[in-house]
Amino acid sequence: MSNLVSRMFRTPRHTTHYLECGPTDGSLMMFLHGWPELSLIWRAQMEAFAADGWHCIAPDMRGYGGSSAPAATNAYTNEQVVADMGELHDYFGGRPAIWIGHDWGSVIVGAMVAHHPERSRGSVLVSVPYFPTANALPTLVPLINRAIYPADEYPDGQWDYYRYYNTHFASAVADLDADKAASLASIYQRGDPVSMGKVATNALVSRKGGRFGAEHRAPPTQPDLALWPEADFHALVQAFEAHGFRAPCAWYLNDDANIAYMQRAANGGRIAQPLLLINGDYDQMNSIEGNYLGDPMRAACADLTVTRFAGAHWLPVERKTKLVQAIRGWLRTRKLG
């Protein structure tokens with residue numbers, strides 16, 4: 001971690017561990033990770049943009065790594081996480097930044113920009129599109145591609161795993177915690193173009209009685225070190241060994257609060273600033289190609305750019321250099337660099 005400096009930021013309401021690199025007088029670039037990740041997932045992008053002169057900050061989000069992990073599941077609403085990020089942003093001067101998010105980090109970036117546009121010059125969402133009515137089951141289920149997921153057989157489509165968190169939370173967490181290293185290694189897999197147009201394994205969780213079926217633990221799995229460098233994957237595993245999956249999975253349990261929060265955004269959550277979505281062609285969960293998943297974002301974003309390339313969901317580690325190139329090109333085109 002020679003190029004990334006580990007630091008802590010504390011307020012009366014929250015403690016955030018974050019990684020920092022690049023010149024402190026450079027323009028600010030904030031990197032927000034998702035599930036089940038860590039600030040380290042952004043290593044390649046942070047080092048590249050730091051070399052370009054950006055001041056790069058990547059926090060461990062609430063419930064992860066060295067940051068606060070409250071016990072209550074209702075401590076993981078989007079509103080509270082946005083407040084965490086607002087406090088961290090103020091610590092770095094509060095000047096408009098470029099915000100980059102992946103997975104649930106994309107959700108927080110979208111909510112941040114919708115509620116606090118003054119904090120942003122532009123935003124990048126990796127994998128997960130923006131939903132002005134919140135990334136929540138009542139938003140996602142009506143957008144399911146029923147050609148792949150007939151309603152009578154797959155009522156929640158690829159979001160069945162999300163429903164399972166809400167109906168069998170303790171069991172879902174226990175299965176992931178049974179062998180944390182194997183769980184993480186099994187989750188971080190590269191994309192397969194053959195999988196597109198087929199039922200995702202995440203659509204089968206309820207009928208299997210859990211992510212890993214009757215075994216209730218991940219099968220022995222070796223990590224793909226082309227995705228995570230060995231030392232970084234070890235740090236990821238150590239973080240989950242210390243705190244487990246309960247807090248990260250609690251992010252899925254606050255749909256009502258998250259919907260209510262987005263209903264309070266100005267202009268119906270419409271975003272006027274430049275927004276880039278980077279979508280993986282082989283992302284069974286979040287691809288917006290050939291379905292309705294991207295429609296709310298298209299309607300709500302006045303300055304939207306969509307970039308797609310070969311890859312699945314874990315683009316920050318699966319397509320490290322390609323992701324940097326896509327963001328660089330967009331920054332140049334939008335005159336944000």
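Biologist: At what relative accessibility does Arg308 count as partly exposed?
Modeller: This is a predicted model, in which local features need pLDDT of at least 70, side-chain atom pairs count only at pLDDT 80 or more, and totals for chains, interfaces and linings use all residues. Residues are numbered from 1 along each chain as its sequence is written, and side-chain values use heavy atoms, with hydrogens and water left out. Buried means under 20% relative accessible area, exposed means over 50%, and partly exposed lies in between (1.4 Å probe, protein chains only). Arg308 therefore counts as partly exposed, at 41%.

Biologist: With which residue does Arg308 form a salt bridge?
Modeller: A salt bridge is a side-chain nitrogen of Lys or Arg within 4 Å of a carboxyl oxygen of Asp or Glu. For Arg308 the closest N and O atoms are 2.9 Å apart, and the partner is Asp281. Helices (H or I, at least four residues) and strands (E, at least two) are DSSP runs, numbered from the N terminus. The pair links distant parts of the chain, 27 residues apart: Arg308 is in strand β8 (residues 301-309), and the loop between β7 (271-280) and α12 (295-300) holds Asp281.

Biologist: How many salt bridges does the structure hold?
Modeller: Some are linked in a network, which takes in Arg13, Arg62, Asp84 and Glu87. For the structure the total number of salt bridges is 16.

Biologist: How many residues apart in sequence are the parts that Arg119 and Asp90 tie together?
Modeller: The side chains of Arg119 and Asp90 meet in a salt bridge of 2.9 Å, N to O. Arg119 lies in the loop between α3 and β6 and Asp90 in helix α2, so the distance in sequence is 29 residues.

Biologist: How many aromatic pairs does the structure hold?
Modeller: Rings of Phe, Tyr and Trp (its six-membered ring) pair if their centres lie within 6.5 Å; planes under 30 degrees apart count as stacked, over 60 as edge-to-face and the rest as tilted. By that rule the number of aromatic pairs is 21.

Biologist: Why is the pair of Tyr64 and Phe240 edge-to-face?
Modeller: The ring centres of Tyr64 and Phe240 are 6.1 Å apart and their planes stand at 80°, so the pair is edge-to-face. Tyr64 lies in the loop between β4 (55-59) and α2 (78-91) and Phe240 in helix α9 (residues 230-243), so the pair ties together parts 176 residues apart in sequence. The angle of the planes that answers the question is 80°.

Biologist: At what angle do the planes of the rings of Phe240 and Phe245 stand?
Modeller: Phe245 is buried at 0% relative accessibility, and Phe240 is buried at 3%. The centres of these two rings are 4.6 Å apart, and the pair is tilted because the planes stand at 40°.

Biologist: Over the face of which residue does Arg328 lie?
Modeller: A charge sits over a ring if NZ of Lys or CZ of Arg is within 6 Å of the ring centre and within 35 degrees of the ring normal. Arg328 is at 5.8 Å from the ring centre of Phe49.

Biologist: Which strands stand at the edges of the sheet?
Modeller: Two strands pair if DSSP finds at least two bridges between them. The open sheet has eight strands with mixed pairing, in the order β1-β2-β4-β3-β5-β6-β7-β8. Each edge strand has a single partner strand, so one side of each is left without a neighbour in the sheet; these strands are β1 (5-10) and β8.

Biologist: How many residues of strand β5 are buried?
Modeller: Ala97, Trp99 and Gly101 point one way from β5, and Ile98, Ile100 and His102 point the other way. Strand β5 (residues 97-102) is largely enclosed by the rest of the structure, because the number of buried residues is six of the six.

Biologist: Which residue in β6 does Gly101 stand opposite?
Modeller: β5 pairs in the parallel sense with strand β3 (residues 28-32) over four bridges, and with strand β6 (residues 120-126) over six bridges. In β6, the residue opposite Gly101 is Leu125.
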